[in-house]
Amino acid sequence: IPASIIMAVTVLSVPALAEEIRQLDWKDLIPKQLISQDPLAGLPRDQKDLAIWVINMLDSLPERSPETEVYYQEVDKAMPSLKKAGIDIDKVMKTRKEVQTAIVEDLDGRMVRMPGYLLPLEVTGVKVTEFLLVPYIGACIHVPPPPPNQIVYVKIIKKAYRNKGLYDPVWVTGKMSVKSMSRDLYLVDGSADVSIGYALEARGVEPYE
């Protein structure tokens, strides 16, 4: 067989043998055109902190009732200051929700590698087979959960990961799926329903170094 034909066959077969792995950062999970659309960008620190506090309160509070009235009254007190500064909380919340729930469709089916902190979901002894990959320590437990496009559900399809503790820093390699879902996260004092924007079929999980 002519050497030129052998070489051509070899070159053509390379993509099938070694699929390109794209290394991701957390900002890569947000559509680029939306990253710059933070409606609170450019505000003085005190106004930004107040607006974020009001948003977090409104996101987490149940409907207004005699039991929650005292908390809503605190929010009501903050509203005139925000209005005076030209901050429309309803509009800000709508824009932030659009940014936080938007996903990057191009990542669907791609082989990727990304870092994060491991929050176990399915554990046998010290071996983890399913977990949430989150961008910072304390996510989903000690503080409000990150937005859906900043949480990745990971299922290990080969060897389970030997967990050293809560929020182990890890690298995860596998096939990404753009898949909105929710999972119950069991906590010491109950459970929480967490919205997720991505899923990873992990071929490998290794400590972050």
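Student: Which residue forms a salt bridge with Arg45, and how far apart are the closest N and O atoms?

Tutor: Side chains of opposite charge can pair when their charged atoms come close. A salt bridge is counted when a side-chain nitrogen of Lys or Arg lies within 4 Å of a carboxyl oxygen of Asp or Glu. Here Arg45 pairs with Asp49, with 3.1 Å between the closest N and O atoms. Please note that this is a predicted model, in which local features need pLDDT of at least 70 and side-chain atom pairs count only at pLDDT 80 or more, while totals for chains, interfaces and linings use all residues. Residues are numbered from 1 along each chain as its sequence is written, and side-chain values use heavy atoms, leaving out hydrogens and water.

Student: Where do Arg45 and Asp49 lie in the secondary structure?

Tutor: Helices (H or I, at least four residues) and strands (E, at least two) are DSSP runs numbered from the N terminus. Both residues belong to helix H3 (residues 45-60); because they are four residues apart there, about one helical turn separates them.

Student: How many salt bridges does a search of the whole structure find?

Tutor: The search finds 10 salt bridges. One of them joins Glu130 to Lys155, with the closest N and O atoms 3.4 Å apart. This pair links distant parts of the chain, since Glu130 is in strand E3 (residues 127-134) and Lys155 is in strand E4 (residues 152-156), 25 residues apart. Glu130 is buried at 12% relative accessibility, and Lys155 is partly exposed at 38%.

Student: Which residues are linked in a network of salt bridges?

Tutor: Arg64, Glu69 and Asp76 form such a network. Within it, the closest N and O atoms of Glu69 and Arg64 are 3.0 Å apart. Glu69 is partly exposed at 26%, as is Arg64 at 42%.

Student: Which residues touch the most other members of the largest nonpolar core?

Tutor: A nonpolar core is a set of buried Ala, Val, Leu, Ile, Met, Phe, Trp, Tyr and Cys residues joined through side-chain atoms within 4.5 Å. The largest one has 23 residues, and those touching the most other members are Leu29, Met114, Phe131, Leu133, Val152, Val172 and Met176. Two or more residues come from each of strands E2 (111-124), E3, E4, E6 (168-187) and E7 (190-207).

Note on methods: Buried < 20%, exposed > 50% of the residue type's maximum accessible area, 1.4 Å probe, protein only.
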